[in-house]
Amino acid sequence: MEYTEFCRQLKRLITENEDWNINEEDYTFYPDGFTSETDPDLTFVRDTNMRYRKMESDVLQGDYIVLETGPDELRSVCRFSLDYLYDEFQEGGWEAVTDIVDNNISIAQKINQSGIISHMEEYEYIKERLIIRPLNYTDNKNELQKCIYKQIGDIALVLYLIVSENTDIGLNTMKVKKEIFEKWGQQPDEIWEAAFINTQISALPRMYINPMDTYKPPYHKGAFMAFNSDIKTLGRMAVPCITSTKQTNGAIVMFYPGVKERIAELYNDSYYVAFTSVHDIRTHCKGTTTPHSILQNVKHINSTFPKDEVLSRNVWFYDKDKKTFEPLSLIE
């Protein structure tokens with residue numbers, strides 16, 4: 001069956017399924033190349049590109065459908081890549097496609113009805129609610145003994161679960177405990193990759209050359225990782241602020257795939273990194289200052305912040321040729 005005919009029959013299959021109760025108004029098709037200047041369509045495009053294509057773009061990459069089901073007070077929303085469904089159809093026929101759609105609708109409805117906490121031991125229910133946050137390992141090592149994290153120098157990348165999200169109070173999160181992690185029965189690398197993708201979707205990396213740009217910047221300002229970014233190079237003396245679109249806990253972007261390498265490309269050299277808080281970073285091109293001078297600045301900044309906002313007490317170095325990122329051992 002040709003792809004176009006598959007899409008036509010898929011819509012009929014979904015809208016005629018009495019168990020799913022999805023009518024024409026609940027079925028939305030987003031074609032490859034779709035874009036928008038208004039929410040929620042623009043947010044959908046950005047989130048979908050990052051989740052499925054691992055790229056930041058305001059132009060949709062691929063065909064997708066969105067299904068809405070359930071009563072108004074418990075509305076469930078599911079998103080599907082048509083390329084993926086078509087591949088599954090070619091392998092397993094309509095039965096395979098029906099199973100995928102049914103499973104996703106069921107998961108979304110159950111979470112809406114009973115809340116995320118009651119399903120936190122079931123990985124399929126919570127995998128899109130996992131995120132990573134950076135903490136100073138030394139200051140939190142006792143608490144982290146019961147949690148899931150990866151230690152890099154004196155930094156801990158900690159696995160969190162989003163319990164709820166509210167526009168007024170923000171995210172309500174909890175650290176993932178080891179016993180819950182083990183019950184998921186998944187490969188650790190798969191879990192971490194999913195969490196990093198979720199984190200990127202909600203907090204995309206940004207680079208602000210001028211410190212004043214960090215104050216309520218427009219969405220596209222500083223999008224140095226986007227394929228159409230207007231940031232092409234960095235002057236050797238530039239000391240940009242690296243953070244995320246949310247800025248809160250923005251230092252995590254330094255551990256996103258490709259970010260360290262992209263900064264090296266912009267400098268065309270290796271560089272030092274000062275974690276000025278859990279929220280942001282400053283970079284210095286190699287040869288423009290000494291690591292001891294940067295360390296003194298880090299110490300001063302850390303002394304002015306609350307302890308829970310301190311991320312690292314070291315100066316870090318990214319080696320462009322070796323592609324290594326490590327804290328420096330500096331003797332005072």
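Q: Where is the place of asparagine 21?
A: Asparagine 21 lies in the loop between α1 (3-15) and β1 (27-30), where helices (H or I, at least four residues) and strands (E, at least two) are DSSP runs, numbered from the N terminus. This is a predicted model, in which local features need pLDDT of at least 70, side-chain atom pairs count only at pLDDT 80 or more, and totals for chains, interfaces and linings use all residues. Residues are numbered from 1 along each chain as its sequence is written, and side-chain values use heavy atoms, with hydrogens and water left out.

Q: Why is asparagine 21 called exposed?
A: Its relative accessible area is 61%, and exposed means over 50%, while buried means under 20% and partly exposed lies in between (1.4 Å probe, protein chains only); asparagine 21 is therefore exposed.

Q: What makes the phi of asparagine 21 worth a remark?
A: Most residues other than glycine have a negative phi. The phi of asparagine 21, however, is near 55°, a positive value in a residue other than glycine.

Q: Why does glutamine 247 count as partly exposed?
A: Glutamine 247 has a relative accessibility of 26%, so it counts as partly exposed. This residue sits in the loop between β9 (241-244) and α8 (259-267), and its phi, near 70°, is also a positive value in a residue other than glycine.

Q: Why does serine 76 count as buried?
A: Serine 76, placed in strand β3 (residues 76-81), has a relative accessibility of 1%, and therefore counts as buried.

Q: Which residues does serine 76 touch, not counting residues up to four places away in sequence?
A: Serine 76 touches Leu67, Glu68, Thr69, Ala108, Gln109 and Asn112, contact meaning heavy atoms within 4.5 Å.

Q: What makes β8 and β13 edge strands?
A: Two strands pair if DSSP finds at least two bridges between them, and the open sheet of six strands has the order β8-β9-β11-β10-β12-β13, with antiparallel pairing. In this sheet β8 (205-208) and β13 (324-327) each pair on one side only, and they are the edge strands.

Q: How many bridges join β9 to strand β11?
A: Two bridges join β9 to β11 (residues 281-285), and these strands run antiparallel; cysteine 241 has arginine 282 in β11 as its bridge partner.
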